[in-house]
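User: I am new to this protein. Could you walk me through the structure, please?
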Amino acid sequence: MPLRRSELAVPAANDHMFARAAASQADLVFLDLEDATAPAHKVAARAKVIAALNDLDWGRTARAIRINGLDTQWCHDDIIEVVTAAGQNLDTIVVPKACIARDVWWVDLLLTQLEAKLGLDRKIRLEVLIEEVEGLANAEEIAKASPRIDALIFGVGDFSLSQGARVDTNFVPIWDYPGDFWHYARSKVLVAARIAGIDAIDAPYPDYADLAGYEQEARRGSLLGYTGKWAIHPSQVPVANAVYSPTAEEIALAERNMAAYREGEAKGLGAVGVNGVLVDAAHVKMAQNTLARLALINGER
């Protein structure tokens, strides 16, 4: 799986932002043809996206676009035009507002036809937004709808509208609420992603001046098992990259537990005690995951 600690959103019509985004150290940048681009500029924005994909130096940052919704007049041409002109330089397409598995299947089928027609030598990946109540209800089926899918993304903004939630512009409830207001939706998206063996990416945080609040939300998502978070401003990228990387303490614990378990295993033991704490096969798998993620980060950056 590719590394997706931070996913930076950039309006596709705002080409003056593209170079800064490419240099932001985000694991993925998506040029947004959907909500961040006004209807009057959606068609013209495709040419800007194509130029950015083909001409900018993106380094190790994955290059993505968010297409318009499948029920709009722009979606089909978003895929056709961008993939035809820049498919070799496009890593991922973000599919918005998926409600049923067939939504993803349609994009997959169109991409398969295009890749064959154009002779592309690699498959374009998909990330799918769960941002409608119907999509949340069908999250497990959506997550398994295509082998192209790398991640499910919790899209809290449109989900707030779909649910009818009374929240402010930062998607925070307007009155006191016990616990995490979005815990159920976050957990269901995460479980669906894990069933499919893919990543889960947490929602954006519109108050980009509040980095402490962004970090707190990122930590909550990371504790649940999310592997990354959207950023809507470059200043949020280093925060997400730090939160969704193993800490020095986690790395030290993983190395210690692995070493102790291997030593015990050589003696015929299936579990060992380390400083008064049991370490067994489950702890070894956790340690392996931590160290594998560390290796991925060191390899990517």
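User: What should I know about the model and its numbering?
Analyst: This is a predicted model, in which local features need pLDDT of at least 70 and side-chain atom pairs count only at pLDDT 80 or more, while totals for chains, interfaces and linings use all residues. Residues are numbered from 1 along each chain as its sequence is written, and side-chain values use heavy atoms, with hydrogens and water left out.

User: Which residues does UniProt list for the domain?
Analyst: An unreviewed UniProt entry lists residues 7-234 as "domain: HpcH/HpaI aldolase/citrate lyase"; such annotations may be inferred rather than shown by experiment.

User: Which residues of the largest nonpolar core touch the most other members?
Analyst: They are Leu31, Ile65, Ile79, Val83, Ile93, Leu152 and Phe154, in a core of 67 residues. A nonpolar core is a set of buried (under 20% relative accessible area, 1.4 Å probe, protein chains only) Ala, Val, Leu, Ile, Met, Phe, Trp, Tyr and Cys residues joined through side-chain atoms within 4.5 Å. Another core, of 11 residues, lies apart from it and includes Phe30 and Trp230.

User: What is Ile79 in contact with?
Analyst: Leaving aside neighbours within four places in sequence, Ile79 is in contact (heavy atoms within 4.5 Å) with Ile67, Thr84, Trp106, Val107, Leu110, Leu111 and Leu114.

User: Changing topic, which residues are closest to the centre of the largest pocket?
Analyst: Ser222, Pro246, Glu250, Thr290 and Arg293 are the closest, among 32 lining residues. A pocket is an open set of points on a 1 Å grid over the protein atoms alone where a 1.4 Å probe fits, with protein on both sides within 12 Å along at least five of seven lines; lining residues have an atom within 4 Å of a point.

User: And which helix gives the largest share of that lining?
Analyst: The largest share, 8 residues, comes from α12, a helix (DSSP run of H or I, at least four residues, numbered from the N terminus) spanning 281-300.

Note on methods:
Buried < 20%, exposed > 50% of the residue type's maximum accessible area, 1.4 Å probe, protein only. Helix = DSSP H or I, 4+ residues; strand = E, 2+ residues; numbered from the N terminus.
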